[in-house]
Amino acid sequence: MSKYVCLKLDAHTERGNKWALKVEHGDGGSCLLGFHRTRKACVTVARLLAGWSGKVVVRDKPVRVTAWRIDA
C-alpha cells in the first residue's frame with residue numbers, strides 16, 4: 001500500500017516552497033509529486049490524493065531533496 005509523505009525541506013526552493021510531497025510504495029520505490037509553501041497545503045493535497053483509506057505521513061525533520069530531475 002502506498003503512503004503519501006510530506007517532507008520539510010532544509011532550505012527554501014527558488015520559488016519559496018518549504019515542503020515536498022512524495023509517494024512511497026510498498027516495494028521501496030518513491031516518486032516526488034511536487035512542492036508546497038506551507039505544511040497545511042502539503043497535507044491537504046496529500047489527503048486528497050490518498051483518498052478514504054490512504055495513509056498520510058508528515059516528517060518535520062528537515063531533509064535535503066537533490067534528486068528530483070531525471071536526466072534523459
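Biologist: Which side chain meets that of Arg 39 in a salt bridge?

Modeller: This is a predicted model in which local features need pLDDT of at least 70 and side-chain atom pairs count only at pLDDT 80 or more, while totals for chains, interfaces and linings use all residues. Residues are numbered from 1 along each chain as its sequence is written, and side-chain values use heavy atoms, with hydrogens and water left out. A salt bridge here is a side-chain nitrogen of Lys or Arg within 4 Å of a carboxyl oxygen of Asp or Glu. At 3.8 Å, N to O, the partner of Arg 39 is Asp 60.

Biologist: Which residues form a network of salt bridges with Glu 24?

Modeller: The side chain of Glu 24 meets that of Lys 22 at 3.5 Å, N to O, and that of Arg 59 at 3.2 Å, N to O. The network therefore links Glu 24 with Lys 22 and Arg 59.

Biologist: Is Glu 24 buried or exposed?

Modeller: The classes are buried (under 20% relative accessible area), exposed (over 50%) and partly exposed in between, with a 1.4 Å probe and protein chains only. Arg 59, at 30%, is partly exposed, whereas Glu 24 has a relative accessibility of 17%, so Glu 24 counts as buried.

Biologist: What is the relative accessible area of Gly 28?

Modeller: Gly 28 and Ser 2 are 26 residues apart in sequence and 9.8 Å apart in space, C-alpha to C-alpha. Gly 28 is exposed, and its relative accessible area is 64%.
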